[in-house]
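Trainee: Hi! Could you walk me through a structure today?
Mentor: Happy to, let's open it up.

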Number of protein chains: 2
Amino acid sequence: MSGQSQTMSDGTVRLDYHIYDGEWHPVNAEVIEEGYLTIFVNGRELATLMCSPRLPLQLALGFLANEGLIQEVDEVEIAHVCAGGGCVDVWLSHPVWERPRRKIITSGCGGGLTFADLAADLPPVESNLALSPAQLGELFTRLQTRDSLYARARGVHTSALSDGKELVLVAEDVGRHNTLDRLLGECLLRGIEPAGMALLATGRISSEMVYKAAQMGCPIVASRTSPTSMSVGLAQAWNITLCGYVRRRQMNVYTHPERLAQARLVVQPGTFLVAMAETGCSQG
Amino acid sequence: MSGQSQTMSDGTVRLDYHIYDGEWHPVNAEVIEEGYLTIFVNGRELATLMCSPRLPLQLALGFLANEGLIQEVDEVEIAHVCAGGGCVDVWLSHPVWERPRRKIITSGCGGGLTFADLAADLPPVESNLALSPAQLGELFTRLQTRDSLYARARGVHTSALSDGKELVLVAEDVGRHNTLDRLLGECLLRGIEPAGMALLATGRISSEMVYKAAQMGCPIVASRTSPTSMSVGLAQAWNITLCGYVRRRQMNVYTHPERLAQARLVVQPGTFLVAMAETGCSQG
């Protein structure tokens, strides 16, 4: 891969505004920056993402990998980040075929696509990774350091890949889905294998988030906040341990609690999937 | 408009899962529901939204209005919600022309679209609405009632339109942009004029959120959390008072503080726009 220079943005903007706390005080402080990244592949415009305008190469490559257009960085012959960082031009060693990843998008009304069809899209995650609740809680305390965008300006999401001991990679973005693309892009650039690592996120876990996690092969997906019904169903089907509201000594575990080593509970696989079928995740 | 029957979903799903607080406890509790809504217009599939699977008609009509495809509900001849609520078939009294609303999406790299071009897309909001910080803080305390989806399962955003005294309309959805489409859809169905009302939101304010607010003619946009740099720039240009981190007796005001009646501060219009130009919101 050649031409991979990047323009780095700081990720925040300093502004004059006012704080009210009974009285008004003028301040000059950081606000999170929002920008757009346009990705071109083989000369064609593929997508424009609303994102934090920084580290465009990681975001673009991770997006391509999560969309199924590339598997390895070797497939990228040229990746050129334009001046200002607002677009990335990617030329691949193969043509880009039309492959709508999210089947449900095009299924429409008459398609009759079911939850089972959606779940069948990827194989279950195979991994022996096991963490104690204390380990998982401890990892979350390290997510947002003093020099993070979050600490400086709020308004961003943070995600990380962890081997259970360390945070191997951390990514921040105004869009929570982008944080997962950034992690995968960084993995491709550095030759890191995401499969088998736990995925930590500050944002809510939607079906899209679980899809990206499954594609990366992450056996544990944990969030500071909540999952949706569909993300719980997909995590169950894809053999992913899904945790929500993780605090230092508290958390909810929605699926596959067997990976949390200290779990003293009776696991009843099957119960949940029946519930999903009855409540009808399918919109067909 | 005919054929507007709706299938109501409850918006949550009851699941068996486990809570850890030093020990494991099985619970059966509500998790927020995630679904998809496919919108057909004049027989063509327009879009599929990830959303809370409830009140599909409001979401579909508000989406069409915010995308500029309709101005009035009279333009809708038939709106049919399919069994299950997963899609809405809309037939308009006029053909649908291709009109990409968000210019920046198609501007790409060479387009050279600037922040000023983006801001010029809509006229500034004209309104005499003025609120005290106390009034605004008080309105936020009423956003999420005991029977709201948020109170039951978390994981959703809430937005509301207010005349300054009451919450006139409230909408909840797993997607924060959808809450604004829902508000506009409800306005169309009930014949309520959103222009001149304050828009309250629990979620972060992105450029897209400010765009929808400007299109509805809302002079005050207030959030429990943060705005992005681009939303601040657009609010300044469109004469919208933008507030963040609103609490009962605290808040930040990023633009046009003159609408907060008790404001005792020196307003320096112009300062901010210069800062935006220097930091370069344009990605062109």
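Mentor: What follows is a chat about sheets, helices, rings and a few side chains.

Trainee: Before we start, what am I looking at?
Mentor: This is a predicted model, where local features need pLDDT of at least 70 and side-chain atom pairs count only at pLDDT 80 or more, while totals for chains, interfaces and linings use all residues. Residues are numbered from 1 along each chain as its sequence is written, chains are lettered from A and ligands numbered from 1 in the order in which they are written, and side-chain values use heavy atoms, with hydrogens and water left out.

Trainee: Okay, sheets please! In what order do the four strands of the open sheet in chain B come?
Mentor: The order is 4-3-6-5, with mixed pairing. Strands here are DSSP runs of E with at least two residues, helices are runs of H or I with at least four, and both are numbered from the N terminus. Two strands pair if DSSP finds at least two bridges between them.

Trainee: Which strands stand at the edges?
Mentor: Strand 4 (44-51) and strand 5 (76-81) of chain B do, each with a single partner strand, so one side of each is left without a neighbour in the sheet. From one strand to the next, the twist averages 20°; angles like this run from 0 to 180 degrees between N-to-C directions, with axes as lines fitted to C-alpha atoms, for helices over the stretch in contact.

Trainee: How do strands 3 and 4 of chain B run, parallel or antiparallel?
Mentor: Antiparallel: seven bridges join strand 3 (residues 35-41) to strand 4 in chain B. Leu37(B), for instance, has Leu49(B) as its bridge partner in strand 4. The two strands form a hairpin with two residues between them, and Asn42(B) in the turn has a positive phi of about 50°.

Trainee: And what does the sheet in chain A look like?
Mentor: Chain A has an open sheet of four strands in the order 4-3-6-5, with mixed pairing. Its edge strands are strand 4 (44-51) and strand 5 (76-81) of chain A, each pairing on one side only. In chain A, strand 3 (residues 35-41) and strand 4 pair in the antiparallel sense over seven bridges, and Gly35(A) stands opposite Cys51(A) in strand 4.

Trainee: Switching to helices: how many residues of helix 1 in chain B are buried?
Mentor: 11 of the 11 residues in helix 1 (residues 56-66) of chain B are buried, so the helix is largely enclosed by the rest of the structure. Buried means under 20% relative accessible area, exposed means over 50%, and partly exposed is in between (1.4 Å probe, protein chains only). Just after this helix, Gly68(B) takes a positive phi of about 80°.

Trainee: How do helices 6 and 7 of chain B sit against each other?
Mentor: The axes of helix 6 (residues 176-190) and helix 7 of chain B come within 10 Å and cross at roughly 10°. The two helices are therefore roughly parallel to each other (under 35 degrees; over 145 is roughly antiparallel, 65 to 115 roughly perpendicular and the rest oblique).

Trainee: Which residues meet there?
Mentor: Among them are Leu180(B) and Leu184(B) in helix 6, and Met209(B) and Met216(B) in helix 7. Contact means heavy atoms within 4.5 Å.

Trainee: What about Tyr211(B) and Trp238(B)?
Mentor: Their ring centres are 5.9 Å apart and the planes at 75°, so that pair is edge-to-face. The pair links distant parts of the chain, 27 residues apart: Tyr211(B) is in helix 7 (residues 207-216) of chain B, and Trp238(B) is in the loop between helix 8 and strand 11 (241-244) of chain B. Both Tyr211(B) and Trp238(B) are buried.

Trainee: Last one: where is Ser226(B), and what does it touch?
Mentor: Ser226(B) is in the loop between strand 10 (220-223) and helix 8 (229-237) of chain B, and is buried at 3% relative accessible area. Not counting residues up to four places away in sequence, Ser226(B) touches residues including Arg154(A), Gly155(A) and Tyr245(B).

Note on methods:
Rings of Phe, Tyr and Trp (its six-membered ring) pair if their centres lie within 6.5 Å; planes under 30 degrees apart count as stacked, over 60 as edge-to-face and the rest as tilted.
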